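Subject: Structure handover

Hello,

Here is the structure for you to look through. My notes on what was found follow below it.

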Amino acid sequence: MYSSGQLAKQCHVTLRTVQYYERQGLLVASRTEAERRLYAKDQVTRLEMILTYKELGFTLKDIKGILDTPENYKILQLLVAQHQEQNAKELARAKKRAVKLDYLAKQLEKFQVFPGNFTKGIEFEMEKTKKLHRLHWQMIGIGLVIDVILWGSIIYVFLNHGSWWSVAGALVISVVLATALVYYVWQHTAYICPNCQHQFRPGLKAYFWSAHTPSTRKLVCPNCNQKNFCIEVYADKQA
């Protein structure tokens, strides 16, 4: 026989835990004449099972049903299936949270402020970032086409002693494509001021002549009138 303290020590739990489980009807104790609780050896096994089921996420009500039902394996099978489904959902939610947290951490590390609108949700901002990346890849693709047209014409003239008019024609085509590319990108981008977090679209002239990095552009914010390297974000086409 085990006292409450001995049972707690045997199963590595607190005395209060043993007493609580007894009050809930999960453990059964006999009483001495001095009203001391004593637990038989089978209660050690029972407590170990309770702790195992608790670790798996079962409620005390579920555990009592498992332990007190003769064909408890049927109840256990049902509960296991329910908990597997619940855990799968929780895991999916945890993975989504992890992706959002990673995105937020990268944005904060890169810009020191979050370039977006929390009221619309992180998923909305993540989708805008994906669109911005696709826009950048489109820029690179069209830029390569322009290079091929221009340098291809120059190489052709040198190798075949052709007319320089072909180079002039290629130059005109390249300028037209480059102008269209700049206009297209300008239509689909906006900028966030790092000082006041105001999002705005600059005029085409200011956009074209401003200094820039791959992810920022030096512009004057129309809200706070400060000139900073503003963060580039994807925006719907300008009206």
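Cys193 is buried, with a relative accessible area of 0%; buried means under 20% relative accessible area, exposed over 50%, and partly exposed in between, using a 1.4 Å probe and protein chains only. Cys230 also counts as buried, at 0% relative accessibility.

This is a predicted model, in which local features need pLDDT of at least 70, side-chain atom pairs count only at pLDDT 80 or more, and totals for chains, interfaces and linings use all residues. Residues are numbered from 1 along each chain as its sequence is written, and side-chain values use heavy atoms, with hydrogens and water left out.

How many disulfides does a search of the whole structure find? The search finds zero, where a disulfide is a pair of cysteine sulfur atoms within 2.5 Å. For Cys193, the closest cysteine sulfur is in Cys224, at 3.7 Å, which is too far for a bond. For Cys230, the closest cysteine sulfur is that of Cys193, and at 5.1 Å this is also too far for a bond.

Next, the domains. The domain assignment gives domain 1 (2–68) and domain 2 (120–234); such bounds come from an automatic or database domain assignment. The C-alpha centres of domain 1 and domain 2 are 70 Å apart.

Last, Lys96. This residue is in helix α5 (residues 72–111); helices (H or I, at least four residues) and strands (E, at least two) are DSSP runs, numbered from the N terminus. Lys96 is exposed, with a relative accessible area of 53%. From Lys96 to Glu123 the separation is 27 residues in sequence and 9.6 Å in space, C-alpha to C-alpha.

Regards
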